[in-house]
Amino acid sequence: MPPGADASWLYNNAPFCVLAHNTDPDPRLVYGNKLVQRCFEYDWDELTKLNSRLTAEQPERAERQRLLDEVARKGFIDDYRGIRLAKSGRRFGIEKVVMWELIDAEGVRRGQAATFASWRVL
């Protein structure tokens, strides 16, 4: 983060997307900064009620699950690319995705998070 930046900078002004989902059996998004909200076309309330699998089209969900499983095994990945789906049905590609496990101070797994700065409308 730039000098003097804080969590509000990450949420409101970061030039990259940051999102996270929880550990529910069908994980639900629990965080998405403003850029994520613009990319996926959901406001905060809609986004944080959305099951994260719904950010990918049905044919892409198996690959997305493979990614989540790999992150769970390795702790992170730093080279993912895939197709995602906005609320309107607009498809977009995400590239150079870094994804990691969210582990709390007691070592309990709380979910997974991802960041990407590169995307393109398909």
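A: Start with Ala20, which stands opposite Tyr31 in strand S2. S2 covers residues 29-32 and pairs with strand S1 in the antiparallel sense, over three bridges. Strands here are DSSP runs of E with at least two residues, helices are runs of H or I with at least four, and both are numbered from the N terminus; two strands pair if DSSP finds at least two bridges between them. Keep in mind that this is a predicted model, where local features need pLDDT of at least 70 and side-chain atom pairs count only at pLDDT 80 or more, while totals for chains, interfaces and linings use all residues. Residues are numbered from 1 along each chain as its sequence is written, and side-chain values use heavy atoms, leaving out hydrogens and water.

S1 has another antiparallel partner in S5, this time over five bridges. There, Val18 has Thr115 of S5 as its bridge partner.

How buried is S1? Five of its five residues are buried, so the rest of the structure largely encloses it. Buried means under 20% relative accessible area, exposed means over 50%, and partly exposed is in between (1.4 Å probe, protein chains only). Both faces of S1 are covered: Cys17, Leu19 and His21 are buried on one side, Val18 and Ala20 on the other.

The buried residues of H4 are Arg64, Leu67, Leu68, Glu70 and Val71. Looking down the axis of H4, they fall within an arc of 160°, so they line one face of the helix; that arc is taken from the directions from the axis to the C-beta atoms. Turned away from this buried side are the exposed residues Ala62 and Arg73. Glu70 also belongs to a network of salt bridges with Glu63, Arg66 and Lys74, a salt bridge being a side-chain nitrogen of Lys or Arg within 4 Å of a carboxyl oxygen of Asp or Glu.

Asp26 lies in the loop between S1 and S2, and Arg53, 27 residues apart from it, in the loop between H3 (44-47) and H4. Asp26 counts as partly exposed at 27% relative accessibility, and Arg53 is partly exposed at 30%.
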